[in-house]
Structures are given as C-alpha cells and as structure tokens.
Amino acid sequence: MKYRYAMVCSSNQNRSMEAHSILKSKGFNVSSYGTGAHVKLPGPSLREPNVYDFGTPYKHMFDDLRRKDPELYKRNGILPMLKRNAAVKTAPQRWQDNAADGSFDVVFTFEEKVFDMVIEG
C-alpha cells in the first residue's frame, strides 16, 4: 500500500511547498495545502503584504510581483520560491476545501496554529 501524505502550512507557499517538492521528487504520493483565509506573501513593508485568493496560479503571482518590483521580490526570495512552486503544481490549495482530494494517511503541519486548523477541519 502506498501512503498518501499532505503537507500543510498557512499559505501553501513556503514550508508546505518545499516539503511537497522534495517528497514528490522522491516518488511519494504527496499533496500540499494552506489553512489561511487568503494567501499572503511579503510586500514592501509588514503592513503591505501581497494578498491573493487560494487557487490563484503561482505563475500569476510571479508575474504580478515581477511587474511590481522585480529587484525586491528577487532579493527576498519570493520570485524563486514562486518559480519552484509553479513547477510542483498550478496554484495553492486550501486545506478546508480539499474534501474532493480524499483522505490522507499522514498529515504534516508546520506550526501549531495550522495544526489546530487542520484538526478543526
């Protein structure tokens, strides 16, 4: 039997996608999700994050941020991260909306508040 794994963080961008990418490259049956209300990426300041809806393609986010300030988002690692993400799957998915994906044998969460949201969901 091949186990199904889910990687879950807040925005399905950084930690869950890095784990998804590595496990996928090793042949694991893996999916990844976020638990937040929206996908949030760092912006020019803490009070100005870039906010997207779940389901917005990583390529769209990449193009949007490259248009806004390519040097900033390259320097802070967001553009390379989005490029990696787009190579793994099309768009971030929300854990609470994943019922059609079926059940998982193992679910990894990357912070306590995400764990709590997975348990509630």
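**Exercise 1.** Find which side chains make polar contacts with the side chain of K89.

*Solution.* Start with Q93: a polar contact of 2.9 Å joins its side chain to that of K89. Next comes N12, whose side chain makes a polar contact of 2.7 Å with the K89 side chain. A polar contact is a pair of N or O atoms within 3.5 Å; within protein, one must be able to donate a hydrogen and the other to accept it, and residues adjacent in sequence count only if both atoms are side-chain atoms.

This is a predicted model: local features need pLDDT of at least 70, side-chain atom pairs count only at pLDDT 80 or more, and totals for chains, interfaces and linings use all residues. Residues are numbered from 1 along each chain as its sequence is written, and side-chain values use heavy atoms, leaving out hydrogens and water.

**Exercise 2.** State over which ring K89 lies.

*Solution.* K89 lies over the face of Y33, 5.6 Å from the ring centre. The rule asks for NZ of Lys or CZ of Arg within 6 Å of the ring centre and within 35 degrees of the ring normal.

**Exercise 3.** Classify the ring pairs Y33–F104 and W95–F104.

*Solution.* Rings of Phe, Tyr and Trp (its six-membered ring) pair if their centres lie within 6.5 Å; planes under 30 degrees apart count as stacked, over 60 as edge-to-face and the rest as tilted. The structure holds four aromatic pairs. For Y33 and F104, the centres are 5.8 Å apart and the planes at 70 degrees, so this pair is edge-to-face. For W95 and F104, the centres are 6.1 Å apart and the planes at 35 degrees, so this pair is tilted.
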